[in-house]
2 protein chains.
Amino acid sequence: MLFSRGMLLNYIYPLLSLIVTVVTIYLIKLFVESKQKERILDKFSTKVSDAVAQTLLKSKDVDLAGEEREITIFFSDIRNFTTISESFGDPKRLIAYLNRYMSPMSEIIIKNRGTIDKYIGDAIMAYWNAPLRVKRHADLALKTALDQLRWLEHLNRELEAEGLARIDIGIGIHTGLAVVGEMGSHKRSDYTIIGDSVNTASRIEGLCKEFNAKILISEDVKMQLKDEYIFERVGEISLKGKSSKVMIYKVLGEGNVKG
Amino acid sequence: MLFSRGMLLNYIYPLLSLIVTVVTIYLIKLFVESKQKERILDKFSTKVSDAVAQTLLKSKDVDLAGEEREITIFFSDIRNFTTISESFGDPKRLIAYLNRYMSPMSEIIIKNRGTIDKYIGDAIMAYWNAPLRVKRHADLALKTALDQLRWLEHLNRELEAEGLARIDIGIGIHTGLAVVGEMGSHKRSDYTIIGDSVNTASRIEGLCKEFNAKILISEDVKMQLKDEYIFERVGEISLKGKSSKVMIYKVLGEGNVKG
């Protein structure tokens, strides 16, 4: 009995320790891999769709150290948001109101394969063609703008029915070279874009009020468009600190108007 | 032999299954808890120090749904960054250069208990007194600005020794009410601040070039300061869309100059 028990333990303990070792190694491997994936997903999960984030995990085309690329840049903001926000006494209600707008607008960008760069107060900055390359990025950005305006009509009917202020926005789009990569401090870096073309897009958005436009695009965007839209030429603008001028167009909708 | 083997198995398998069950439950519990903590830490880990993030985990004072609070808001940006960036041919070198500046500047903000809101190109937006309340937030913001300028002298000596462009910055600080909370879309929300006082801080920073100043603060900041600094009154400015005027001061350093 004692002997046979000893025999059995000699088989069971090495076997048990083998199983524990294998399982532990497997769990550690799973953990490390899932941590690495989580880091990449974390970096992009708030910026792109789940599908794009998953593609990024497999892609070797993402250069976080920086590269120059042609990007279509999109800025939007809410007209008179300060006045609207002052009409809300309760900050919780103001944030809930703002998020009712931000949420669908963000989803429309993501759905059209755009990357949300950041929210700056009530403004949204987004771009196309990074981190993943997308074809026809100018069309996708303009399609996003038109989709947003359509959705906004729907939201405004809801808001007005509830006695809340309607939301009107201005959108500026520009296509140009920008440097994309991880910027910021070592521990607090963010994948983003920098360059003069970003400032130009922001400048164009800022002109919406002056030109009474909902969507303004630069000639550089217009030249890249493959689909048909209804444009109105609003004039050339000179950009701060630049000698060159940029022709700006108002976009009135999709389609083709002759004459 | 067979009988005794059977006896042993009767002890070992229930024991084994008990151990496996206990270990599994423990691992799942650990995983779920760490996931929840991770979510809160993720939201703030890039914005505040590890110590503040840990305090937030325990604190009940963080109202993500929105509240109005007195905040000291800080904006900085690099003078002529477009010109500097055009002098770099290689985007990787440009980003490495920019991050050499961003990294220490961010650490100085964090070290002084500030919250980094976002990077906007070469600009940094930060604030004090949210998510955690901090006493003397105006002093902390101004101390950060002065610390940054001191550190920048050191960095510029390094950069110039390497034949790279020196970095000069402008900083604008304003104290005022802002709404803090989670803004953005449901899936892509960000803890941030909105309000007119944010625009005012940004406006003040934009005046640095005009007034040839490195640090400009509003009267609202000056009134809150407890430590002594050397000021120079630069004049009243009227803010866009506001009837009231704001007195602006240049900050030249720490200390007290009589006469």
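Predicted model: local features only at pLDDT ≥ 70, side-chain atom pairs only at ≥ 80, totals over all residues.
Local features need pLDDT of at least 70 and side-chain atom pairs count only at pLDDT 80 or more, while totals for chains, interfaces and linings use all residues. Residues are numbered from 1 along each chain as its sequence is written, chains are lettered from A and ligands numbered from 1 in the order in which they are written, and side-chain values use heavy atoms, with hydrogens and water left out.

**Figure 1**
Chain A holds seven helices and eight strands (DSSP runs numbered from the N terminus: helices are H or I of at least four residues, strands are E of at least two). Its radius of gyration is 26 Å, well over the 18 Å that the globule rule gives for 259 residues, so chain A is more spread out than a compact globule. That radius is taken over C-alpha atoms, and the globule rule is 2.2 Å times the number of residues to the power 0.38. Along the principal axes, the C-alpha atoms fill a box of roughly 100 × 45 × 35 Å. Of the 259 residues in chain A, 49% are buried (buried is under 20% relative accessible area, exposed over 50%, partly exposed in between, with a 1.4 Å probe and protein chains only).

Contact means heavy atoms within 4.5 Å. Among contacts in chain A between residues at least 6 apart in sequence, 66% join residues at least 24 apart. The accessible surface of chain A comes to about 13200 Å², and 56% of it belongs to carbon and sulfur atoms (Shrake-Rupley method with a 1.4 Å probe; for residues, only the protein chains shown count as cover). Chain A carries 37 positive and 34 negative side chains, and the centres of the two sets lie 4 Å apart. Lys and Arg count as positive, Asp and Glu as negative; His and the chain ends are not counted. Each charge is placed at NZ of Lys, CZ of Arg, CG of Asp or CD of Glu.

**Figure 2. A:Ser185 and its contacts in chain B.**
A:Ser185 sits in the loop between strand 4 (169–184) and strand 5 (189–194) of chain A. The residue is buried, at 1% relative accessible area. Leaving aside neighbours within four places in sequence, A:Ser185 touches B:Met102, B:Ser103, B:Ser106, B:Glu107 and B:Tyr119.

**Figure 3. A:Lys47, a buried loop residue.**
A:Lys47 belongs to the loop between helix 1 (2–45) and helix 2 (50–58) of chain A. Its relative accessible area is 4%, so A:Lys47 is buried. Beyond its neighbours within four places in sequence, its contacts include A:Ile110, A:Asp117, A:Tyr191 and B:Arg188. A:Asp190 is also in contact. The C-alpha atoms of A:Lys47 and A:Asp190 are separated by 11 Å, although the two residues are 143 residues apart along the chain.

The 25 residues of helix 5 should span 36 Å at 1.5 Å a residue; the end C-alpha atoms are 36 Å apart, which agrees. The expected span is 1.5 Å times one less than the number of residues. A:Gly163 follows helix 5, with a positive phi near 75°. Within helix 5 lies A:Asn156, which is buried at 2% relative accessibility. Apart from neighbours within four places in sequence, A:Asn156 contacts A:Arg166, A:Ile167 and A:Asp168.

**Figure 4. A:Ile215 in strand 6.**
A:Ile215 is part of strand 6 (residues 215–218) of chain A. At 0% relative accessibility, A:Ile215 is buried. Its contacts, leaving aside neighbours within four places in sequence, include A:Leu142, A:Leu146, A:Ile171 and A:Tyr249. A:Tyr249 is 34 residues away along the chain, with a C-alpha separation of 8.3 Å from A:Ile215.

A cis peptide bond joins A:Ala130 and A:Pro131, with omega about -5°. A:Pro131 lies in the loop between strand 3 (123–128) and helix 5 (137–161) of chain A. In chain B, the bond from B:Ala130 to B:Pro131 is cis, and omega is near -5°. B:Pro131 is in the loop between strand 3 (123–128) and helix 5 (137–161) of chain B.

A:Asn80, a residue other than glycine, has a positive phi near 55°. A:Asn80 falls in the loop between strand 1 (67–78) and helix 3 (81–86) of chain A and is partly exposed at 46% relative accessibility. B:Arg136 has a positive phi near 55°. Its place is the loop between strand 3 and helix 5 of chain B. B:Arg136 is partly exposed, at 40% relative accessibility.
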